[in-house]
Amino acid sequence: MDIGDLKKRIFIDLTKVKDLAELEQFRIKYLGRKGEITFVLKSLKDLSIAKRKKLGTEANQFKKEIESKIENLKSQLIKQETKTKEREKKIDITAPGIRIVHGHLHPLTHIMRKIEDIFQSMGFRIIEGPDIETEYYNFDALNIPQDHPARDAWDTFWLKTKPQRLLLRTHTSPMQVRFMEKNNPPFRIIVPGRVFRYESTDASHFYNFYQLEGLMVDTHISIANFKAVVEEFLKKLFGEEIETRMRPSYYPFVEPGFDIEMKYLSSDWLEIMGAGMVHPNVFKSVGYVPGNWQGFAFGIGIDRIAMLKYKINDIRLLYSSDLHFLNQF
Ligand code: FA5
């Protein structure tokens with residue numbers, strides 16, 4: 001038996017080992033229970049004493065040699081592999097970063113904040129009120145009694161509450177009454193908020209939307225004051241490129257009443273607010289002496305303003321939660 005060939009093969013094989021896993025395979029192949037070197041050592045017992053002595057010494061030496069080579073290579077490979085692992089762990093500060101997705105404000109929130117800022121700069125205080133209202137504040141106290149035909153202008157979501165009939169406010173005007181009941185003039189306030197209407201939708205109507213109520217009461221307030229405030233507001237929000245027109249309109253809680261329509265750049269005319277001089281009956285319902293006070297009130301459709309400002313041609317997009325749309329703002 002000659003182990004010369006086996007030795008050669010083993011040395012060549014060892015040079016091919018690249019990592020710890022391969023080294024373990026190598027060890028099993030030659031030194032494992034069924035390994036080739038193990039086999040040689042096991043078969044010594046079948047040889048004559050003289051041959052056994054010669055080959056036995058040689059094979060045992062070779063086994064030791066291989067074992068120590070394996071040990072050496074093993075510690076070398078362990079060092080190498082830990083190094084690679086550490087290198088992988090290290091943070092490369094020159095590598096390009098991972099982009100973090102930022103949230104951003106909804107266009108309606110954005111425009112509402114802008115509008116609030118403008119009115120605050122004109123001395124208006126921001127007041128908020130409940131989305132769920134009583135019939136009294138939403139209608140009666142605003143000079144719209146139970147069987148008044150004007151109630152039809154505001155299709156209402158009624159809540160199934162008893163004995164008191166509650167509703168989702170159809171406009172922000174009820175806060176005029178709530179505020180005046182507790183405060184005395186002079187004052188100027190704005191009331192931003194969500195309103196609800198039981199009506200079908202189209203490109204400029206939705207069943208819930210946002211309004212911003214304005215109310216200014218003092219001893220000598222006229223339509224001229226209203227016009228000045230609205231002009232200043234629109235100029236600050238849109239710049240000079242707007243056209244507005246004022247048309248007589250009817251709201252039971254004002255006298256006279258009007259609607260304001262607006263055009264911006266290439267848009268069509270769009271009704272953006274209802275307004276008027278506070279009706280004496282409203283002053284009466286909050287306990288003011290009507291002859292002592294004058295005031296103007298207005299209710300701006302915030303969605304319509306956002307549509308004009310951002311050139312949105314369909315109000316429903318504002319409520320679609322469509323990220324393709326929202327990511328543009
Ligand atoms: C009112 O709601 C009155 N409370 C406004 C008012 C306040 C008048 C104070 C006088 C004094 P109107 O229903 O017209 O009025 O609504 C006001 C504005 O809200 C409209 O000019 C329009 O810009 C907007 N608007 C009305 N209905 C919708 C709707 N379905 N979807 C989106 N915007 C609407």
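**Aromatic pairs**

The structure contains 22 aromatic pairs, where rings of Phe, Tyr and Trp (its six-membered ring) pair if their centres lie within 6.5 Å, and planes under 30 degrees apart count as stacked, over 60 as edge-to-face and the rest as tilted. In one of them, the ring centres of phenylalanine 119 and phenylalanine 124 are 5.3 Å apart and the planes stand at 80°, so this pair is edge-to-face. Phenylalanine 119 is buried, at 0% relative accessibility, and phenylalanine 124 is buried as well, at 3% (buried means under 20% relative accessible area, exposed over 50%, partly exposed in between, with a 1.4 Å probe and protein chains only).

Phenylalanine 157 and tyrosine 198 make a tilted pair, with 5.3 Å from centre to centre and 55° between the planes. This pair links distant parts of the chain, 41 residues apart: phenylalanine 157 belongs to the loop between helix 6 (135-138) and strand 3 (166-168), and tyrosine 198 to the loop between strand 4 (187-196) and strand 5 (208-218). Helices (H or I, at least four residues) and strands (E, at least two) are DSSP runs, numbered from the N terminus. Phenylalanine 157 is partly exposed, with a relative accessible area of 25%, whereas tyrosine 198 is exposed at 57%.

**Basis of the model**

This is a predicted model, in which local features need pLDDT of at least 70 and side-chain atom pairs count only at pLDDT 80 or more, while totals for chains, interfaces and linings use all residues. Residues are numbered from 1 along each chain as its sequence is written, and side-chain values use heavy atoms, with hydrogens and water left out.

**Aromatic cluster and charges over rings**

One aromatic cluster is formed by Phe119, Phe124, Phe226, Phe233, Phe258, Phe296 and Phe298.

Arginine 178 places its charged end over the ring of tyrosine 137, 4.0 Å from the ring centre. For such a contact, NZ of Lys or CZ of Arg is within 6 Å of the ring centre and within 35 degrees of the ring normal. Arginine 245 lies over the face of tryptophan 269, 4.1 Å from the ring centre.

**Ligand surroundings**

Around the ligand there are 26 residues, of which Ser173, Arg197, Glu199, Tyr251 and Glu271 come nearest; a residue is near if one of its heavy atoms lies within 4 Å.

An N or O atom in the side chain of glutamate 199 is 2.8 Å from a nitrogen atom of the ligand. An oxygen atom of the ligand lies 3.4 Å from a polar side-chain atom of tryptophan 154. A backbone N or O atom of isoleucine 272 is 3.4 Å from an oxygen atom of the ligand. Taken alone, the ligand exposes 680 Å², and the protein buries 95% of that, as given by the Shrake-Rupley method with a 1.4 Å probe.

Methods:
A polar contact is a pair of N or O atoms within 3.5 Å; within protein, one must be able to donate a hydrogen and the other to accept it, and residues adjacent in sequence count only if both atoms are side-chain atoms.
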